[in-house]
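Dear colleague,

Please find the structure below, handed over for your own work. My findings follow it.

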Amino acid sequence: MGAKAENGPKPPPPLSSPPPFKALVKLKTKQQELLIRSAALALIYVLAFAIRLFSVLRYESMIHEFDPYFNYRTTLFLTRNGFYEFWNWFDSESWYPLGRIIGGTLYPGLMVTAALIYRALRFLTFAVHIREVCVLTAPFFASNTTLVAYFFGKEIWDAGAGLVAAALIAICPGYISRSVAGSYDNEGVAIFALLFTFYLFVKAVNTGSLAWSLASAFGYFYMVSAWGGYVFIINLIPLYVLVLLVTGRYSMRLYVAYNCMYVLGMMLAMQIRFVGFQHVQSGEHMAAMGVFFLMQVFYFLYWVKDMLNDTKLFQSFLQITLTCAIGVGTLALGIGMASGYISPWTGRFYSLLDPTYAKDHIPIIASVSEHQPTAWSSFMFDFHILLILFPAGLYFCFKRLSDATIFIVMYGLTSMYFASVMVRLILVAAPAVCLISAIAISATIKNLTTLIRKKSKAALTVSSKATSNLKASAKALLDQSLPFQRNGAIAVLVGAFYLLSRYAIHCTWVTSEAYSSPSIVLAARGAHGGRVIFDDYREAYYWLRQNTPPDAKVMSWWDYGYQITAMGNRTVIVDNNTWNNTHIATVGRAMSSYEHEAYEIMQSLDVDYVLVVFGGLTGYSSDDINKFLWMVRIGGGVFPVIKEPDYLVNGEYRVDKGAAPKMLNCLMYKLSYYRFGEVTTEYGKPTGYDRARGVEIGNKDIKLEYLEEAFTTSNWIIRIYKVKPPKNRW
Amino acid sequence: MAKLALLFLFALPLLLSLTSLLPLHCNAFSVDRPTDRRLLVLVDDLAIRSSHSRFFSSLQARGYDLDLRHADDPGLALRRYGQYLYDGLILFSPSVQRFGGSLDLAAVLDFVDAGHDLILAADSSTSDLIREIATECGVDFDEDPAAMVIDHTSYAVSETEGDHTLIASDDFIKSDVILGDKKIEAPVLFRGIGHSLNTANSLVLKVLPASPAAYSANPLMKLSSPPSLTGSAISLVSIVQARNNARILITGSLDMFSNRFLKSGVQKAGRSIKHEKSGNEQFVTEISKWVFHERGHLKAVNVHHHKVGETNEPSMYRINDDLEYSVEIYEWSGSSWEPYVADDVQVQFYMMSPYVLKTLATDHKGLYSTSFKVPDVYGVFQFKVEHQKLGYTSLSLSKQIPVRPFRHNEYERFITTAFPYYGASFSTMVAFFIFSIVYLYNK
């Protein structure tokens, strides 16, 4: 917020203004500006960190959600056993009995970062627990992102825009959603790495310096080590280069920046085991390689052009060379694809280009709520006024077109597209939107303030004309003779400040209300307005840890896999690393089969306990019954004996008396509603009234033959069943 | 004999009070000595004590303590303070409608499910309670209460023609473990009701099936409709070995344990040989040895696996490791553990399906061992020994062991076939270096 206030002092202060501090007067204007700017930046840095601590204050210093628990577990392993053990870690506690090579199937950037911070703190004799480091890693990196945003803004526009960008990104809800304290996920550091890489690359393009290019290659390396979203970089940068080539902005600077960044970045990225040779073998990375070769062709052409002085001759040479180059490139790609050397695009990539693809072909991707196409309201929720400022910023960028602004425009447009395809990619768009909006704000306010100052000095006569919006006032700047310019400018300035303060209020509210919930501890408002905490997840995992044999295998839907291994310390059949669709489908099949069929599957997987999440008593809606259709779909995708229509009545999914018979007798239904028919959940409702779905359940008399209830948490959110051994005498 | 029994009866309350004070006293079924020591015999007529005394005394001679009670004795209890008071139960009380004391159907089944053994003998007066116990063990007695097994081809020849309900059968199950190595020469006399095996039960076996010509019907009535049980679907004597190795013997003839049958001579219809003594004594003695774990009880100890050339058991193997697996298997001979000798004990290296299946070599002193190479697949494997052999207790050992892939530094550093590539890269590096020098300083 400080940024806006500091926009005033940047132009030379008028001589007539009284000195606020004696010390400030003694400093030169430039030094004053630097002092204020760095003070503002420091405040923003602290603000970005502080606003993300809501979750710690509201709940406790804990790891959130699902994936962070895996990251936490691996970080713990890394700090205890060292890097080489981590690198070679074969985990036999997940994906039983297949196991998982953790070291080769994760992006180690986050864990290594946290472990290094932990080591550094330990070295400085701060006796912190690794969990605290993990909880605070994301806020720390969010703070660093504000710094990068400042420099990036400075690079593409000016220092003022940089400050505004830093302030905007510090509190942008789209970014906060994945970087609150406790959200120990790859994205927490990856957005920093993403923006940093982009900044360094733009810097390299602007300067043509090999050093900056090298730095951006290292930035890219860090990004590759941290998050699979690096694919965005390796496609956006070639696209950007291609646009520059097409628009005739080819330069030696671009040549140096791209080639160095691509070649070194590729080599470095290959050092990450999980990425391996994808840069030369996967279809998603081929664009970068194509552009790399195109750059060489361009260089060659310019060289030939220098040699030849005959334009006509060069034209025909150009045609032949380009045709040949494109022909050879296409042929190579075709052969590569056909021979299988270049792997085709993955499902995730397809689903980005075609939002309906996942729904039809890969239910496992479509089943994740954060992979759904974005609703309009969540754009408003995550960006607020930035959505309006974004087009304005684009306008400013187009008005002052440079290599750097072209980049930010492309980053903004592509990421905005991806953000509307998948909810979680709003995160990627957030920095671009903040930067572009910052340009709009900064440019507007700068214009307005210059206008006000000039008028006060020159004392021009003003005629009456009201300007009411930002664009108009910006235009008004060009036309010096518009009437009521000064008053209009002041009005617009006040309006802008009002909007920005609304933005700040909105961000704070969203952060405290929506994005600070750890999701393993649920909070609800009680009947008397007090906060009720449902700590059932941890209760259940603690029970597992204390009451089951150490080598017990727990079957649950994959969402809870990471949590069970991290908190319950028990082996799971499937977890959130959804690498083996068949295995997940087997679990889905077991859940949607009759009990005796499921028993055979569970026997073959050596399952000892089955864990289901049930929200019928508390009205917690993201439980297994609501996820059940995905289990059916995923199970049915591999095992055609499971058919979705068997669980639906006239295409409708219901659990009451009118539900499909198979639905009423499948394992998931039985385990969720076992003994639920005896319970009165709400006053004035019959027994067995499911509050999450608002219906009375259809099968109240559930008998379990092959399983027995082992544990149900206090609010029935988690129910654990023990698989009985085979009958003794049969 | 009677004096002994009297003494026994007097000593009983004392013994019971002792056992209630020291419940551990009779907890004799142990891994080291699997033979049952204390048996509860329930009769519905105390005359059985004398009419079946030969069978009882053969048990006592083998060291069993018999506690013979009337089936509706109000003081009956199988367990006290969570401890079982007996190791085996003999139900010679076919007509009992309700047990006395705390004993009921569920208690008997719990007793079996806790690993204890049961002999159940029925006859034509069998009550519903006894039928239910049999049904729970996978055996269904003929529902007609008056029916008996009749066989017009393999009956025992007697002075009077009779109704052919006294059957002489010698179609035993072919298993030395169950019936002993000594062949039972004489046919076994059987008079009682037939039963059939529940097809859903995979654990129940016929020890003595009826001949194909047998049928189950009321011998006093004229056969008006085809009998429900006919031919070899009828079992005369059946056994069950439960999954927890509890053993159950079920027969439809209480008389086959009686002194009269044990002593009597037998001549099977259509055969000229007349045996002086029926096979009953040998049969019931041998099968009771089996039921009470004097034979065919295996134990596996000292399961070891390690890499070839090492002795310590690793917590994890690497793919393509060579390993050795060994296990010692002993059989209980009634008094001591003897080495178990067989050539078909197999070990599986199992992950959802067996990747390696090897027959273990034995040194005839109980040690079984083999060595093999871990498959080129990582995951959580199990060493599985599933030794299920007729008559023997089922041996199923499984030991979980993860198999990891190569570590980063366990791969070959230099591969011969890749030398052209090494050459290419190094020559390029050298060439680039020279080129740079020439380009930069050759002006």
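Helices (H or I, at least four residues) and strands (E, at least two) are DSSP runs, numbered from the N terminus. The model is predicted, so local features need pLDDT of at least 70 and side-chain atom pairs count only at pLDDT 80 or more, while totals for chains, interfaces and linings use all residues. Residues are numbered from 1 along each chain as its sequence is written, chains are lettered from A and ligands numbered from 1 in the order in which they are written, and side-chain values use heavy atoms, with hydrogens and water left out.

The second largest pocket

A pocket is, on a 1 Å grid over the protein atoms alone, an open set of points where a 1.4 Å probe fits, with protein on both sides within 12 Å along at least five of seven lines; lining residues have an atom within 4 Å of a point. The second largest pocket holds about 1200 Å³ of space, the volume being that filled by probe spheres set on the points, which are joined across faces, edges and corners. Its lining numbers 39 residues, and those nearest the centre are Pro726(A), Arg243(B), Glu386(B), Gln388(B) and Ser396(B). Two or more residues each come from α29 and β11 of chain A and from β12, β14, β24 and β25 of chain B. Of the elements, β25(B) gives the most, with four residues. Domain 1 (21-291) and domain 2 (297-404) of chain B, with bounds from an automatic or database domain assignment, each supply at least three lining residues.

Chain B

Leu42(B), in strand β1, is buried, with a relative accessible area of 0%. Beyond four places in sequence, the contacts of Leu42(B) include His70(B), Leu91(B) and Phe99(B). Phe99(B) is 57 residues from Leu42(B) in sequence, yet their C-alpha atoms are 9.1 Å apart. In helix α5(B), the buried residues include Arg131(B) and Ile133(B). Just after α5(B), Gly138(B) takes a positive phi of about 95°.

Yours sincerely

Conventions. Buried means under 20% relative accessible area, exposed over 50%, partly exposed in between (1.4 Å probe, protein chains only). Contact means heavy atoms within 4.5 Å.
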